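Here is a friendly walk through this protein, from its overall contacts to its surface and its core. Have a look at the model first.

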Amino acid sequence: MASQSLINSKGLNPNPASPTFIATQLGDMKWKDIDQNDTIDTRDMVFLGRSIPRWTGGFNTQISWKGISLYTRIDFAFGHIQQDFQQMWTLGSMQGEFNGTQLIKDTWTPENPNAQYPRYTWADQLNSKNFDRPSSMFFVNSGYLAFREVSLSYSIPKKLLDKAKISGLTFTATGQNLGYITNKQLNLPERTGNQTNAAYTIPTSLIFGLNLTF
């Protein structure tokens, strides 16, 4: 959670001779001192979970009724977490030229002191480093269901085709890579960590088909 604590009573740099020192300000992140030794370092790091799925698999099904057939192919992965790198990069304004996401509205300001995220600044990695640190802030449950293929087909009744001397006529519409059921923060649940940054999405395809036999 965003913190309102100051590094000193006035929030000023206690060491003006050090040009690289940036004083903690209202709205900066307050890190948890796990071992309670008044120092935040690697000894305060904890295990967050697996980055590789514990369970992966898939299934398909086909249902037919009165000439209508529905086929679906779905795969899944569960039991792992990953870092939402795109959100971290955006909230940290680390590129400086991208539009922000809706989460910026939930960053700390004097008018929004109970925000979920610390204050928003340009180039966080060069300044406050509220976001540019190893932390649990952007690690989320990464389980997903992927709809790889959904196909709907309809076969014209044979009695309607006899006069035209056609043995069979089937129309088909197929969608591939239609999307995911997953954590709302993940745009690319099959990528992990900084692989989500600038990664290409799997293209969605819509295919129409006709099968005609004489």
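## Contacts and overall layout

In this predicted model, 63% of the protein's contacts with a separation of 6 or more join residues 24 or more positions apart; a contact means heavy atoms within 4.5 Å. The protein has two helices and seven strands, in the order β-β-β-α-β-β-α-β-β along the sequence. Helices (H or I, at least four residues) and strands (E, at least two) are DSSP runs, numbered from the N terminus.

The model is predicted, with local features needing pLDDT of at least 70 and side-chain atom pairs pLDDT 80 or more, while totals for chains, interfaces and linings use all residues. Residues are numbered from 1 along each chain as its sequence is written, and side-chain values use heavy atoms, leaving out hydrogens and water.

## The surface

Ile68 lies in strand β2. Ile68 counts as partly exposed because its relative accessible area is 37% (buried is under 20%, exposed over 50%, partly exposed in between; 1.4 Å probe, protein chains only).

## The core

Of the 214 residues, 29% are buried. The largest nonpolar core has nine residues, including Met29, Phe85, Met88 and Phe138; such a core is a set of buried Ala, Val, Leu, Ile, Met, Phe, Trp, Tyr and Cys residues joined through side-chain atoms within 4.5 Å. Leaving aside residues up to four places away in sequence, Met88 touches Gln83, Met94, Phe131 and Phe138.
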